[in-house]
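Visitor: I have a chain to look through and would like a short tour. Can we start with how the strands line up?

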Amino acid sequence: LDCLIMPKHYRLPTVGKAKGAYYRVIMALVKRRNVYIWGLPGTGKDAFVHYFSAVTRRPTVMLTFRPGYDISPWFYARYVDANGTGWEYGHLWRALVSGIKGKDGKSRAPIVLLSDVDRADEAQAEWFRILTDSISGRILGPDGKMQNLIVDDFGNKPQFVFTANSCGNGDPRGRMTSASPIDASIMDRLGRKVEAHYLDWVDEVEILKLKFPTLPEDIFPQLMGVTASLRDAIEKQNI
């Protein structure tokens with residue numbers, strides 16, 4: 001299956017605000033509800049979806065919004081050959097309409113991870129609108145006809161996960177200048193909204209020990225103090 005790769009040394013949050021946030025995300029994913037995860041860079045939004053896909057073996061397609069990048073081939077593109085013209089359908093379109101086939105020969109409805117949705121430019125926003133319209137179970141084709149999304153062999157439809165640095169109103173702090181406001185009519189369709197938080201140091205230090213096993217133990221209390229001071233200054237907008 002086309003599952004995402006487990007992030008190296010990944011660790012689920014066990015305490016603090018991060019635990020509460022990702023518990024809500026897990027409940028949404030298990031119940032196959034759409035979810036919008038937003039928060040500062042480094043809070044593990046996309047990494048968690050990678051983890052969930054790898055552990056549950058749920059096939060996932062990922063689309064990242066980068067200003068100026070043409071995402072239309074993910075859906076469809078016009079082609080010309082000796083027989084005339086037609087439409088060539090992209091990976092995302094095929095996954096939404098036909099599903100992703102597993103080794104058992106059965107098709108499965110994918111998770112669709114849309115990363116950095118608040119960075120979509122005007123051209124990408126039109127495709128984003130098509131995607132959010134498809135949450136109702138249909139998607140508009142290049143010929144103007146509505147196409148039903150797959151209901152797979154297990155009775156499931158595609159599930160959408162959105163990640164962003166802002167809650168949909170842009171970033172008034174000025175730190176993520178490419179973050180743009182999202183139309184309120186679209187936001188209403190994006191499912192459960194969850195704010196991601198940084199890991200508590202109890203969890204973070206265990207990841208650091210795995211990533212840097214040669215570091216002496218006495219350096220981690222110093223790192224904790226530096227990390228806490230930096231994040232406190234960021235939260236207060238001093239830096």
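Guide: One definition to begin with: two strands count as paired if DSSP finds at least two bridges between them. The model is a predicted one. In it, Tyr36 stands opposite Phe162 in strand β10.

Visitor: How many bridges join β1 to β10, and do they run parallel or antiparallel?

Guide: Strand β1, residues 35-38, is joined to β10 by four bridges, and the two run parallel.

Visitor: What about β7 and β10, in which sense do they pair?

Guide: In the parallel sense, over four bridges. Strand β7 covers residues 111-115. Its Val112 stands opposite Phe160 in β10.

Visitor: How many of the residues of β10 are buried?

Guide: Six of six, so the strand is mostly covered; buried here means under 20% relative accessible area. Strand β10 spans residues 159-164.

Visitor: Which residues point which way from β10?

Guide: Gln159, Val161 and Thr163 point one way. Phe160, Phe162 and Ala164 point the other way, and both sets are buried.

Visitor: Step back a bit. How many helices and strands in the protein?

Guide: Seven helices and 11 strands. The C-alpha atoms fill a box of roughly 70 × 45 × 35 Å along the principal axes.

Visitor: And what share of the residues is buried?

Guide: Of the 239 residues, 41% are buried. The protein exposes about 12900 Å², and carbon and sulfur atoms supply 53% of that area.

Visitor: What share of the contacts comes from residues 24 or more positions apart?

Guide: They account for 72%, counting contacts with a separation of 6 or more.

Visitor: New topic, salt bridges. How many are there?

Guide: The count comes to six. One of them joins the side chains of Arg11 and Asp203, at 3.1 Å from N to O. Arg11 sits in the segment before α1 and Asp203 in helix α6, so this pair ties together parts that are 192 residues apart in sequence.

Visitor: What else is buried in α6?

Guide: Helix α6 runs over residues 201-211, and its buried residues include Trp201, Glu204, Val205 and Ile207 besides Asp203. The buried residues of α6 pack against α7.

Visitor: Which residue caps the N-terminal end of α6?

Guide: Asp200. One of its side-chain oxygens lies 2.9 Å from the backbone nitrogen of Val202.

Visitor: Back to salt bridges. Which residue does Lys209 meet?

Guide: Glu217, with 3.4 Å from N to O between the side chains. Glu217 is exposed, with a relative accessible area of 52%, and Lys209 is partly exposed at 28%.

Visitor: And Asp116, what is its partner?

Guide: Arg119; the two side chains meet in a salt bridge at 3.9 Å, N to O. Asp116 counts as buried at 18% relative accessibility, and Arg119 as partly exposed at 25%.

Visitor: Where does Asp116 lie?

Guide: In the loop between β7 and α4, with α4 covering 122-133. The phi of Asp116 is near 60°, a positive value in a residue other than glycine.

Visitor: Why point that out?

Guide: Because most residues other than glycine have a negative phi. Arg32 also has a phi near 60°.

Visitor: Last one. Which residues make the nonpolar surface patch?

Guide: Phe212, Leu215 and Leu223, giving a patch of about 230 Å². Leu223 lies in helix α7, residues 219-235.

Notes:
Residues are numbered from 1 along each chain as its sequence is written. This is a predicted model: local features need pLDDT of at least 70, side-chain atom pairs count only at pLDDT 80 or more; totals for chains, interfaces and linings use all residues. Side-chain values use heavy atoms; hydrogens and water are left out. Patches are made of residues with over 30% relative accessible area and no salt bridge: like charges are joined within 9 Å, nonpolar side chains (Val, Leu, Ile, Met, Phe, Trp, Tyr) within 5 Å. Accessible areas come from the Shrake-Rupley method with a 1.4 Å probe; for residues, only the protein chains shown count as cover. A salt bridge is a side-chain nitrogen of Lys or Arg within 4 Å of a carboxyl oxygen of Asp or Glu. Buried means under 20% relative accessible area, exposed over 50%, partly exposed in between (1.4 Å probe, protein chains only). Contact means heavy atoms within 4.5 Å. A polar contact is a pair of N or O atoms within 3.5 Å; within protein, one must be able to donate a hydrogen and the other to accept it, and residues adjacent in sequence count only if both atoms are side-chain atoms.
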